[in-house]
Amino acid sequence: MAHDLFEAARDAMAKAHAPYSKFPVGAAIRADDGKIYTGANIENLSFPQGWCAEPTAIGCMIMGGGKTIREIAVIAEKLALCPPCGGCRQKIREFASADTRIYLCDEAGVQKTLTMEELLPFSFETDILG
Ligand code: THU
């Protein structure tokens, strides 16, 4: 059920380190192992060194033993249906499968569901790199 993932993303957002943008974001992944992995954006005084909520959650998933993103919920308190940025779309794509679902949320819950193909059509793919 997606509501538990929404709640996990909302709880993660409360841990954001976003003193510069003041734009907290939370993400929660349900991985192939059935576990939920969460993340928030973590900014830096040297602005380009900060990173988004999604890679925090992906890092937690990988280190926790998850391999594939089954579902991912994203929430930003200041922007309903906050879409993952371009870089995050490629990062999610790395660990997605054809049936991965991306949930965009507002303060009440999941409001929009996207497939990976809808989120990142014509994504970078090649056999040359292995
Ligand atoms: N942000 C995310 O965490 N995820 C996104 O997909 C969009 C942007 C963060 C990065 C930065 O800390 C803040 O939102 C403002 O851009």
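Let's start in a loop: L81 is found between strand 3 (69–76) and helix 3, where helices (H or I, at least four residues) and strands (E, at least two) are DSSP runs numbered from the N terminus. L81 is not a glycine, yet its phi is positive, at about 60°. With a relative accessible area of 28%, L81 is partly exposed; on this scale buried means under 20%, exposed over 50%, and partly exposed in between, using a 1.4 Å probe and protein chains only.

Before going further, a word on what you are looking at. This is a predicted model, where local features need pLDDT of at least 70, side-chain atom pairs count only at pLDDT 80 or more, and totals for chains, interfaces and linings use all residues. Residues are numbered from 1 along each chain as its sequence is written, and side-chain values use heavy atoms, with hydrogens and water left out.

Another positive phi turns up at F122, again a residue other than glycine, with a value near 55°. F122 lies in the segment after helix 4 (116–119). Its relative accessibility is 83%, so F122 counts as exposed.

Now zoom out. The chain has four helices and five strands, and if you read along the sequence they follow the pattern α-β-β-α-β-α-β-β-α. For 130 residues, a compact globule would have a radius of gyration near 14 Å, and the chain agrees with its 14 Å. That radius is taken over C-alpha atoms, and the globule rule is 2.2 Å times the number of residues to the power 0.38. Taken along the principal axes, the C-alpha atoms fill a box of roughly 40 × 35 × 30 Å. Of the 130 residues, 39% count as buried. As for contacts (heavy atoms within 4.5 Å), take those in the chain with a separation of 6 or more: 61% of them come from residues 24 or more positions apart.

What about the helices themselves? Two packed helices are described by the angle between their axes and the distance between the axes. Here, helix 2 (residues 53–64) and helix 3 (residues 86–94) have axes that come within 9 Å and cross at roughly 20°. The axes are lines fitted to C-alpha atoms, for helices over the stretch in contact, and angles run from 0 to 180 degrees between N-to-C directions. That crossing makes helix 2 roughly parallel to helix 3, since angles under 35 degrees count as roughly parallel, over 145 as roughly antiparallel, 65 to 115 as roughly perpendicular and the rest as oblique.

The crossing of helix 2 and helix 3 is also left-handed, meaning that the near helix is turned anticlockwise from the far one by less than a right angle. Which residues make the contact? Helix 2 brings E54, P55 and I58, while helix 3 brings C88, K91 and I92.

Staying in helix 3, look at Q90. Q90 is partly exposed, with a relative accessible area of 29%. Leaving aside neighbours within four places in sequence, Q90 is in contact with L120 and F124. Q90 and A31, on the other hand, are 59 residues apart in sequence and 17 Å apart in space, C-alpha to C-alpha.

One last stop is F47, in the loop between strand 2 (36–40) and helix 2. Is F47 buried or exposed? At 58% relative accessibility, F47 counts as exposed. F47 and G59 are 12 residues apart along the chain, and their C-alpha atoms are separated by 20 Å.
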